[in-house]
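Hi,

Here is the structure I said I would pass on to you.

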Amino acid sequence: MLKLIKLEMKKFKMGGYVRSSLITNVIILGVICLISYVENLEGAVVFEDYAVALQLIETIIRATFIIFAAVLISRLVINEYKNKSITVLFMYPINRKSLIIAKLLIVVIFTFVNIVAANIFVGGGFYLLDQFAQIVPDQLTLSGLGKHSASVVMNALATSCMSLIPLYFGMRKFSGSTTIISSIFIVLIVCQDMNGFTLNSIVFVPITLAVIGAITAYLAIRNIENKDVIH
Amino acid sequence: MTYIVRTTQLTKTYMGKEVVSNVNMNIKKGEIYGFLGPNGAGKTTIMRMITNLVKPTGGEIELFGEKLTNHSYHLLGRMGTIIEYPIFYEKLTAKKNLEFHCEYMGFHESKAIDEALDLVHLKNVDDKLVKEFSLGMKQRLGIARAIITKPELLILDEPINGLDPVGIKEIRDLFKLLSAEYGVTILISSHILGEIEQIADTIGVINHGKLIEEVAMEQIREKNTEFIEFVTNDCRKSVFVLEHILKITNFRVIDNRLIRVYDSSVPQSEITKTFVLNDIIIESIHKKNSSLEDHFLTLLNGGGISA
């Protein structure tokens, strides 16, 4: 499996995606800084405390990488079907299930690692900025940080699973754009924020979506050995 | 005799329509099996079923003496294939494509890639992306990919599509070499009959999803008769002359100018002389061998010979 993942990553030049996710991180940090700076100029209080600031950062990152995952799914899976290169792949003496699982694992792991890493990077950057610019009135406490870290990891786990849901829609007509559009709907569900109330904060919602994501993956590979690859 | 591929009552139905019905094919070890049939006859579907890309609705496939099932992954490693259009990862170079292919096939031989590219005469393609290849180049690369792992069975669907005449000859020689030197069994389909005729040991003719005939090329060659082909200005008169003056009955009118005379008892000079004496203008005369093409067309027309 590890070898399949490695091959798959080489084949699709994953290095390029790592680079673009780094750039994304910088942009998110830039946006956060810009918001803080502009609001500060106007004398308004942007973030009441660190909890609010970090949650905003976490939400933006999550939204970004749900869509990023959809892009990966469309490149790694949907496009293989669309270009029929899947017929090449499925003529190898390798279990078809393993081939697809390898691809989906890349998406899940990439999403998880990136969400966690981005939170550390952007959060850290914001903390440094705050030391100089005094954006947030209160101070970051160790317990606050601990609590936030736990929620970041839990959310990252749920998000990396639910990011597989677009696979279902994309596979119906082998369309990359459908995949990405359906990921935007997921973002609308889990990343909206109405005066501090988010659907994502109802534990039931992210967990259900994550389970649906896992089921999507299961459905995609369940029948793969018995089905015609092309019609 | 060992069979590499055997199908029994192989059937495939798409939406209620039988595209392949009850095909019993037998491909012997080491032979080149030519697969003939008009477009849409079911050749590609059968080849896809042999490579497990499409699952049969009925019947069985036996590969290397083993029944092909949904889990027969190990069998896939023993064959090389081109099915229909040669498909690659377009954003990678030819070499990278072959490297990945070898990795997935579990084949590790550093020289193999260059050797394969040499065999199909693909040169100076090191840094070129497959996206920029012409169809002929892709076809060559496809053949390189199929043979690189030195498979026991080659399944080639229209492998000479898009190749120029020189290319066709090179590839034909390559197939002959693979068959003769390495004992590779080859299943090759083509709609260019002349090609199949030159390399196949056995041919299978398929039409409307049914295997009409499976016959050794030698048998067809034996059946071949020589004939003389006339192009005249007046067909009706020529027929009259042949029938009533020369007393020849074994001839065939191909179209309203072309007549083939199969009877060899009357020499060509005699026929020509009689034609001329009867004011028939002969535009051309050829002595010919009935080829696979005739055999093929006869089969597809249901064996009806028009006189």
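Helices (H or I, at least four residues) and strands (E, at least two) are DSSP runs, numbered from the N terminus.

Some housekeeping. This is a predicted model, where local features need pLDDT of at least 70 and side-chain atom pairs count only at pLDDT 80 or more, while totals for chains, interfaces and linings use all residues. Residues are numbered from 1 along each chain as its sequence is written, and chains are lettered from A and ligands numbered from 1 in the order in which they are written.

Chain A, helix against helix

Start with helix H5 (residues 96-133) of chain A and helix H6 (residues 142-162) of chain A, which pack at about 150° with their axes 8 Å apart. (Axes are lines fitted to C-alpha atoms, for helices over the stretch in contact, and angles run from 0 to 180 degrees between N-to-C directions.) That makes H5(A) roughly antiparallel to H6(A); angles under 35 degrees count as roughly parallel, over 145 as roughly antiparallel, 65 to 115 as roughly perpendicular and the rest as oblique. H5(A) passes H6(A) in a right-handed crossing. Residues making this contact include A:Phe112 and A:Ile115 of H5(A), and A:Val152 and A:Leu157 of H6(A). (In contact means that the C-beta atoms, placed from the backbone, lie within 7 Å.) By class there are nine nonpolar, four polar and no charged residues here. Ala, Val, Leu, Ile, Met, Phe, Trp, Tyr, Cys and Pro count as nonpolar, Asp, Glu, Lys and Arg as charged, and the others, Gly among them, as polar.

H5(A) also meets helix H1 (residues 2-11) of chain A, at about 65° and with the axes 9 Å apart. That makes H1(A) roughly perpendicular to H5(A). Again the crossing of H1(A) and H5(A) is right-handed. From H1(A), A:Leu4, A:Ile5, A:Glu8 and A:Met9 take part, and the contact of H1(A) with H5(A) has seven nonpolar, one polar and two charged residues.

Then there are helix H7 (residues 165-173) of chain A and helix H8 (residues 176-190) of chain A, with an angle of about 150° and axes 8 Å apart. H7(A) and H8(A) are therefore roughly antiparallel, and their crossing is right-handed. Their contact has four nonpolar, six polar and one charged residues.

Chain B and its sheet

In chain B, six strands form an open sheet with mixed pairing, in the order E7-E8-E9-E4-E10-E11. (Two strands pair if DSSP finds at least two bridges between them.) Its edge strands are E7 (79-82) and E11 (210-216) of chain B, and the twist averages 15° from one strand to the next. Strands E4 (residues 32-36) and E10 (residues 202-207) of chain B run parallel and are joined by four bridges; B:Phe35 stands opposite B:Gly204 in E10(B).

Where the chains meet

How many residues of chain A are in contact with chain B? There are 18, and they touch 19 residues of chain B. The largest share of chain A's side, three residues, comes from H4(A). By class, that side has nine nonpolar, five polar and four charged residues.

Cheers

Conventions:
A crossing is left-handed if the near helix is turned anticlockwise from the far one by less than a right angle, and right-handed if clockwise. Two residues are in contact if their C-beta atoms, placed from the backbone, lie within 7 Å.
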